Amino acid sequence: MGFVVLLFLLGQVNQCTGMRSSSIGAVDAASGTITLNLAQEPPQLDSTKATDQVSGMVLGHVMEGLLRYDANDDLVEGVAESWSVTDTEANFKLKQNLLWSNGTPITAHDFVFAWRKAVDPMTASQYAFILFFIENAREITSGDMPVESLGVTAVDDYTLNVRLREPTPFFLSLTAFPTYFPINQAFYESRDGRYGANAEDLIYNGPFTISQWVHNANVRLEKNENYWNKEAVHLNVIDFAYILSDANAIINLFESGDIAQAGLNVELVDRALRNRWDIRQHVDGSVFFIEINHREERLTRNYNLRKALQYVNDPSELVNKVIKLPGNLPGESIFPVWLKGVNGKFREEFPAKPLMTNNDKAREHYALALEELGLDKITLVMLSGDNPSANKQSEYYQSKYAKELGLELKLDRQIFKQRLQKMTDGDFDLVLAGWGPDYADALTFGDLFTSWNENNRGRYASPEVDRQVDIAKNSSDAKVRMEAFARVQDILNEDVAILMNYERGSLYVVHDRLENVARRSVGPDPDYAFARIVDKES
């Protein structure tokens, strides 16, 4: 999602066979329909539990929080019509007479219920941490306080008061994130544990509703006639008629006029140029890395083994010789280059200090690791997605580790749901992973490897990282906060918490009659909510 962003892991796409839910073509002005492809089946449309980018993108079209992002990436009114934020609290005045898609009124109570549900230990939400800025949220998730103690109150049906745990200068951007979306309690409870599992198990308050969801086949969105700002919604139907991830199949659909947008890999750039398509570039704000399992029973808990892998790691080689797609940057830090710092960019003010590739030093540390572990040879398992991009990268590391260290790397390729479950269970030594920003602040990356973050799948733990993140969270002074994040950046590198790979850019093509598609680093991406079909002269 970011997500929406939210969590986006490299290669987590399901190789499904697309099935058409319509035969109308890429764009149809008469019916106001656009046809598109989804890279994977949305695994989870319960906003309290969703963690992946595709689910976040779909939710961003059919749900709406207190605020939302417009086409210029500015935060604008959503369910809320006015608001105020101080270091200690936030207050929101909701629009009156708003309706869910089933005609039920939308009230402040829907936000209280959703937020309590997200931090409830029984929900086991991997995104509960994003509400930890609210009073008592962390204690509730830990089971130390009741959910009713969460610092959010419906003062009346249309007034919401939020008590903040610490100064949160970016709190407004959090309210546009899916975990902060409202849920109607009566409808939720009527689904008997099935909320979000199917189209009929959801009601909607966003620009669109889900009219059809055939699992592993298609998802069809239709304009929500109860949406408060429906006059700004120009499309009647967004038809995700295919769910598939094969790049060649997708570009064939684009070329034949069946879908309105398609991504390009390096092999497809020449084809796009020959066809004189308008190639566009997007930097989605995500960073990608090898996450390392730090659990006690894992060999990768050994520092010298991790150091050997770090000295072998060569992000420039990965980007330029393996991925080879323009727009990607070699990875140096968990904090990407676009993040704001004190006065300028964070990475300009606090440069990362990655180790230079050094195979001799790598072998020295590997020999120490073998001695400490009492082994003659080390075998590790790398978990990855099962698609061409992930396969290419995992095979690169398999070859590189064997050549430089004599280390055997076994590859465990999984489709999305199995891969996500294995990551959650800690069933890996190394995993090709990534993180996209949830909101526009360095903390969205800075707290990823804290001991309390459930998305820290390798269970890396550093009291000093936790302490520095707490410093950043408890201050509204930009200099204090960025200095704390700079220390986090250094510790993650010194401890070899992860191995950086790259910052992702992408190339794509879009139908020349489809305009106002928003591409962004934070928020639903792509966002078709306010796109339109235009006439073009032949």
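Modeller: Buried means under 20% relative accessible area, exposed over 50% and partly exposed in between, with a 1.4 Å probe and protein chains only. This is a predicted model, in which local features need pLDDT of at least 70 and side-chain atom pairs count only at pLDDT 80 or more, while totals for chains, interfaces and linings use all residues. Residues are numbered from 1 along each chain as its sequence is written, and side-chain values use heavy atoms, with hydrogens and water left out.

Colleague: Is Asp412 buried or exposed?

Modeller: Asp412 lies in strand 16 (residues 408-414); strands are DSSP runs of E with at least two residues, and helices are runs of H or I with at least four, each numbered from the N terminus. The relative accessibility of Asp412 is 14%, so this residue counts as buried.

Colleague: Which side chain makes a polar contact with the side chain of Asp412?

Modeller: Contact means heavy atoms within 4.5 Å, and once residues up to four places away in sequence are set aside, Asp412 touches Val381, Met382, Leu383, Ser384 and Lys422. At 2.7 Å, the side-chain partner of Asp412 is Gln414.

Colleague: How far apart are the end C-alpha atoms of helix 11?

Modeller: The expected span of a helix is 1.5 Å times one less than its number of residues. For the 15 residues of helix 11 (residues 359-373) this gives 21 Å, and the model agrees, because the end C-alpha atoms are separated by 21 Å.

Colleague: Within what arc do the buried residues of helix 11 fall?

Modeller: An α-helix has 3.6 residues a turn, so residues three or four places apart point the same way. The buried residues of helix 11 are Ala362, His365, Tyr366, Ala369 and Leu370. They line one face of the helix, because, seen down the axis, they fall within an arc (taken from the directions from the helix axis to the C-beta atoms) of 145°.

Colleague: Against which helices do the buried residues of helix 11 pack?

Modeller: On the other side of helix 11, Asp360 and Glu371 are exposed. The buried residues, in contrast, pack against helix 8 (303-312) and helix 12 (388-405).

Colleague: At roughly what angle do the axes of helix 8 and helix 12 cross?

Modeller: Axes are lines fitted to C-alpha atoms, for helices over the stretch in contact, with angles running from 0 to 180 degrees between N-to-C directions. Angles under 35 degrees count as roughly parallel, over 145 as roughly antiparallel, 65 to 115 as roughly perpendicular and the rest as oblique. Helix 8 and helix 12 are therefore roughly perpendicular to each other. Their axes come within 11 Å, and the crossing angle is roughly 105°.

Colleague: How many residues of helix 2 are buried?

Modeller: Helix 2 has end C-alpha atoms 17 Å apart, which agrees with the 16 Å that its 12 residues should span. Its buried residues include Phe111, Phe113 and Trp115, and among the elements covering them are strand 6 (89-94) and helix 5 (185-190). Helix 2 is mostly covered, and of its 12 residues the number buried is 10.

Colleague: What is the relative accessibility of Val496?

Modeller: Val496 is in the loop between helix 16 (478-494) and strand 18 (498-510), and has a positive phi of about 55° although it is not a glycine. Val496 counts as buried, because its relative accessibility is 0%.

Technical notes
A polar contact is a pair of N or O atoms within 3.5 Å; within protein, one must be able to donate a hydrogen and the other to accept it, and residues adjacent in sequence count only if both atoms are side-chain atoms.
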